[in-house]
Each structure stands twice: as C-alpha cells, then as structure tokens.
Amino acid sequence: MSTALRRGSGWTPWLYLAPALVVLGGLLVYPVYQLGLISFLEYTQAQVSGGEPTTFKGLDNYATLFGDPQFWQVLLATVLFAAACVVATLSLGCALAVLLTRVRAVPRLALMMAALGAWATPAITGSTVWVFLFDPDFGPVNKVLGLGDHSWTYGRYSAFALVLLEVVWCSFPFVMVTVYAGIRAIPGEVLEAASLDGASQWRIWRSVMAPMLRPILVVVTIQSVIWDFKIFTQIYVMTNGGGIAGQNLVLNVYAYQKAFASSQYSLGSAIGVVMLLILLAVTLVYLRLLRRQGEEL
Amino acid sequence: MSPVRRPWRLAAEASALLIAAAVAFPLYWMVLSAFKPAGEIQSTEARPWTLAPSLDSFRRVFEQQEFGRYFLNSLLVATSVVLASALIAFLAATAVTRFRFKLRTTLLIMFLVAQMVPIEALTIPLFFLMRDLGQLNTLGSLILPHIAFSLPFAVWMLRGFVKAVPEALEEAAYIDGASRSRFLWQILFPLVFPGLVATSVFSFISTWNDFLFAKSFIISDTSQSTLPMALLVFFKPEENDWGGIMAASTVMTVPVLVFFVLVQRRLVSGLGGAVKD
C-alpha cells in the first residue's frame with residue numbers, strides 16, 4: 001500500500017470519492033429507496049396528478065402481485081429464459097475462445113472482428129435485424145429453410161427461441177474475448193508440460209486450464225446472469241411488448257407494462273423490488289465465491 | 001501453445017471462418033437491406049446481393065423530421081456519460097486502491113452490489129425524480145441516470161489498472177517533489193488510460209443502447225429524443241418499412257462499430273488486465 005499517498009491524507013480519499021458518492025447516492029440509492037416506498041403505497045394516475053392523496057397500503061400490493069397467477073408464470077419464464085441464455089452464451093463463448101487459440105492470425109482476426117461487430121451492435125438494432133432475418137414474408141431464413149410464411153413470433157417457444165438467438169449473438173463476444181484473454185495469460189510451459197505428459201485436449205482443458213480460468217469464468221458467469229435476467233429491449237422490440245397475450249413477458253417488461261401502460265406504479269415498483277432482491281441474492285453468492293478464492297477486496 | 005496436427009488445425013480454421021461469416025451475417029444483411037431498392041426488399045426471393053444499390057431508404061430516414069437532431073442528441077448523451085463517468089470513476093478507483101481508510105472494504109462491496117441494480121426497475125422512481133428536478137423531456141434525464149449506472153462497473157474495472165501501477169513509481173514521484181495532484185494527473189492518469197478506454201466502451205454502449213429511458217422520460221418534447229425513437233417510426237401497423245428500419249439501424253450501428261474498431265486493441269488488453277488483477 002502506498003505510504004506516500006497515505007501520509008497525512010485523512011480526507012483525501014473522501015475528496016476523491018465525493019463525486020462518485022454524490023452521483024450514486026442521488027441517482028441510485030435514493031431511487032432504490034423510492035422504489036421500495038412506492039411499492040407500499042397506493043400510487044396510480046390519480047395520486048401522480050395530485051388528484052387524490054397517497055395512502056399507505058402496507059403489503060397489499062405484494063399480496064395482489066403474489067396472488068396473480070400471471071406473476072408466477074412471468075417469474076418462471078424469466079428464470080428459465082435467463083438460464084437458457086446464460087448456458088448458451090457461456091458454452092459458445094468458451095468454445096470459441098478455445099478455438100481462437102488453435103488457429104492462425106487470419107481466421108482469428110476474422111472471428112474476433114465479427115464478434116466485436118455483434119458486440120458493438122446496439123440492442124435495439126440487433127433486435128430489428130434479427131426480426132427481419134426471420135420475417136415470415138421478406139426474411140431470408142424462411143426462404144433458405146423452405147418454411148414458407150411460418151411466423152417465428154407467433155408461437156410462445158419459437159418467439160423466446162428467436163430472442164435467445166439474438167441475445168446469444170450479441171453477448172457471447174464478451175465471454176469469448178474475456179476467456180481468450182485469460183487463456184493467453186496462462187504460461188505456455190504449463191500446457192506444454194501437460195501435453196508432453198500425454199494428457200488429452202479435454203483433460204488439459206478440465207484439469208489445467210479450467211482451474212486457472214476459474215476467477216474469469218466466475219466473473220463472466222455472474223455478468224451474464226445479471227444481464228440476461230434483466231433483458232428488456234430485445235423482448236420489447238422483438239415480441240412487440242411481450243408477445244401475443246403477454247406470452248413472452250419477462251419481469252422487466254411486465255413491470256414496465258404495469259407501471260407505464262396501465263399506470264399501476266405501485267405494482268410495477270413491487271415487481272422491481274422482487275427483481276432487485278433476486279439479483280441481490282445472486283450478488284451475495286458472487287461475493288462468497290470471491291471470498292473463497294481469497295480475492296483481496 | 002501445444003502443437004496441433006495439421007488436418008485438425010485446418011478444420012479448426014475452416015470452422016472459425018465459417019462461424020465468423022455466420023456471426024457477421026446479420027450485420028451484412030442489415031447494411032445490404034439498407035441499400036436495396038424498395039422493390040427488392042419486398043421481392044419474394046431474398047437475394048444476398050443487390051441488383052441496383054440505392055440510397056432511397058437513407059434518404060427517407062434523413063428526411064424524417066429531425067433525424068439528424070436525434071443523432072446528435074444520442075451522441076451528446078453518450079459522450080457526456082462517457083467523459084463524466086470515466087473521470088469520476090478514475091478518482092474513486094484511485095481512492096479505493098491507493099488509500100487505506102475506514103469503510104474502504106464496505107465501499108468496494110457497495111460498488112459491487114450497485115452493479116447488480118437493474119436500471120430498468122428504477123424507471124418508475126427515476127421518472128418521478130426527473131419530474132421533480134424539472135429534467136423530464138431534457139437530455140439531462142438521460143445523462144444523469146446513465147452516469148450513475150456506468151459508475152460502479154467502471155470503478156470495479158479500473159481498480160485493477162490503478163492497482164497495477166507500482167508503488168515505487170509513486171514514491172519516486174514524491175521524492176522528486178511532485179505534488180499529489182501532479183502525480184494523479186500526469187503520472188497515474190496516462191498509465192491507467194487503456195483501462196479508461198475499456199470502461200468507456202461499456203458505458204458508451206449501454207448509453208447509446210438506451211431505449212427504455214428515452215421512451216419513458218422524453219414524452220412530450222420530441223426534439224429531445226434519441227435515435228431509438230427515430231427507428232420506431234418505421235414500424236407501422238399495416239406493413240413495416242424494412243428498408244427504412246435497416247437504414248436507420250445502419251446509421252445507429254456504424255458509430256459504435258467505428259468506436260469499437262478504433263479501441264479494439266485496448267479493449268482486449270483492457271479486459272485481460274481487468275480480469276487478471
């Protein structure tokens with residue numbers, strides 16, 4: 001630890017931290033508090049416009065929410081959809097990272113550039129392009145597969161599958177690039193020694209590389225869980241606000257529809273609180289994993 | 001790297017090229033469709049090339065009221081967020097890595113937890129906060145929340161870079177009579193710059209991507225809208241104007257692609273540095 005900066009520096013770190021703390025306090029902590037507060041109030045269009053006083057309703061909103069079978073259905077769909085996205089993203093990302101280490105410069109650069117392109121694509125344009133690719137009338141996919149005017153967004157599962165493809169397309173590059181950077185950081189001699197000892201590729205991956213890559217894999221897994229659990233744009237744009245009769249709703253879109261489409265701000269906030277708590281639980285698991293790896297904070 | 005037998009390597013290289021082509025295909029199709037004349041887009045054969053490239057779709061996009069303005073708005077919002085969060089995160093990362101003080105670990109954990117807050121869930125309280133601050137229908141309502149949301153990840157990522165700067169360097173600077181702020185800006189800042197680039201990519205993308213806040217906070221003054229809103233205009237109940245959608249998507253994607261290509265090397269080494277720490 002730097003002794004020089006530390007010397008006589010009681011207030012200095014706080015001076016450096018002040019802008020960050022002001023911004024986070026005002027625009028993150030305070031809104032989280034407000035979110036919790038609104039979820040306990042009666043808060044609809046009447047209260048927002050000041051026509052009626054806001055009343056405290058305690059846990060009523062949560063009772064309404066948990067009593068609604070649609071909420072449980074959306075929660076289940078969100079968890080399963082996020083899990084499928086995470087598994088697909090991680091396996092593709094890791095497989096391609098390993099592939100990158102096996103090829104010469106030209107194919108490596110080609111794959112790297114294509115992946116960066118997909119990564120850089122804004123979620124909204126990625127969504128429009130994928131919908132267009134699978135468009136029943138003008139998309140190339142149905143033409144090539146000879147599916148006629150089969151609509152991918154009509155069925156619940158095929159609509160989720162289409163969104164999943166887009167999500168994997170734009171998020172595997174982060175995993176691939178990060179894991180590739182991690183593999184490159186493993187000293188070559190270690191891998192050479194293993195292969196001289198006659199270990200198979202699979203064995204080298206399992207027993208040598210995977211343990212050394214553990215910290216990186218934890219980071220990309222947790223990031224993917226968080227990103228995929230709170231997907232909004234892709235579902236909203238690709239399934240036109242949550243699919244036919246809300247069959248493709250995920251929690252985020254559900255909360256948005258409740259709050260802004262039907263002015264039930266309290267219910268929307270209660271859904272937000274549920275999401276927050278689930279992600280907090282994921283974070284605690286992450287912290288424990290970091291601690292167990294002996295990471296110094 | 002362990003030696004790979006020749007046929008295997010060739011097979012691996014062939015599959016890498018094929019996968020690259022598949023990954024790039026949606027972007028190729030987007031740009032291609034943007035240049036196709038209307039008749040070809042609606043034709044029943046979906047050709048992977050165009051017979052008569054035309055700028056009609058782009059013309060329609062730019063003729064749309066204030067499209068240029070939306071573009072500048074998006075650029076202004078993203079740049080403000082990138083600059084502000086990079087600067088604030090640099091100071092904060094320096095504080096939590098190069099000083100020992102009470103609550104340091106607590107703060108680090110807070111930055112980590114803050115990353116998990118789903119920004120979309122905060123749309124409702126932020127809407128009311130922006131209303132109370134008089135920021136609804138202004139670009140400020142997009143800039144302010146995004147600075148807050150980019151910060152925790154930026155601090156967490158920059159931590160590794162600041163840590164990697166040897167302390168001996170700092171000692172030497174002070175022995176040579178440099179002041180603390182001089183060390184901070186003239187020595188530490190340039191050394192951490194690659195890390196700042198990597199974090200900037202993330203904050204740029206998440207801000208440029210923003211669809212929900214733009215949709216929720218800019219409601220009555222459309223001159224303050226950003227690009228995603230301009231894109232939605234081409235979705236029509238009767239029939240989507242795919243040429244327009246693809247042209248607008250192309251215009252929205254190209255600046256990010258250019259930014260990515262420019263910082264590509266630093267991004268990859270940046271991720272390596274951040275995950276190794």
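**Surface, spans and contacts**

Mentor: Asp137(A) is partly exposed, at 42% relative accessible area (buried is under 20%, exposed over 50%, partly exposed in between; 1.4 Å probe, protein chains only). This is a predicted model, in which local features need pLDDT of at least 70 and side-chain atom pairs pLDDT 80 or more, while totals for chains, interfaces and linings use all residues. Residues are numbered from 1 along each chain as written, chains are lettered from A and ligands numbered from 1 in written order, and side-chain values use heavy atoms, without hydrogens and water.

Trainee: Where is Asp137(A) found in chain A?

Mentor: Asp137(A) sits in the loop between helix H7 (123–133) and helix H8 (140–145) of chain A. Helices (H or I, at least four residues) and strands (E, at least two) are DSSP runs, numbered from the N terminus.

Trainee: Which residues form the negative surface patch?

Mentor: Asp137(A) and Asp149(A) form it with Glu238(B) and Glu239(B). Patch residues have over 30% relative accessible area and no salt bridge, with like charges joined within 9 Å and nonpolar side chains (Val, Leu, Ile, Met, Phe, Trp, Tyr) within 5 Å. A salt bridge is a Lys or Arg side-chain nitrogen within 4 Å of an Asp or Glu carboxyl oxygen.

Trainee: And which residues make up the nonpolar patch?

Mentor: Phe25(B), Tyr28(B), Trp49(B) and Leu51(B), with about 430 Å² of accessible area together (Shrake-Rupley, 1.4 Å probe; for residues, only the protein chains shown count as cover). Tyr28(B) belongs to helix H1 (residues 6–35) of chain B and is partly exposed, at 41% relative accessibility.

Trainee: Changing topic: how is chain A built overall?

Mentor: Chain A has 14 helices and two strands. Its C-alpha trace spans about 75 × 75 × 30 Å along the principal axes, and 55% of its 297 residues count as buried.

Trainee: What does UniProt annotate at residues 75–286 of chain A?

Mentor: The unreviewed entry gives "domain: ABC transmembrane type-1" there; such annotations may be inferred rather than shown by experiment. Over residues 75–286, chain A is 79% helix and 0% strand, with its end C-alpha atoms 22 Å apart.

Trainee: Which regions of chain B are listed as "transmembrane region"?

Mentor: The unreviewed UniProt entry lists several, including residues 107–130 and 142–162. Residues 107–130 of chain B are 71% helix, with end C-alpha atoms 26 Å apart. Residues 142–162 of chain B are 100% helix, with end C-alpha atoms 29 Å apart.

Trainee: Finally, how far apart are Phe189(B) and Leu91(B) in space?

Mentor: They lie 9.6 Å apart, C-alpha to C-alpha, and 98 residues apart in sequence. Phe189(B) is in helix H9 (residues 180–208) of chain B and counts as partly exposed because its relative accessible area is 23%.

Technical notes:
Lys, Arg positive; Asp, Glu negative; His and termini not counted. Charge placed at Lys NZ, Arg CZ, Asp CG, Glu CD.
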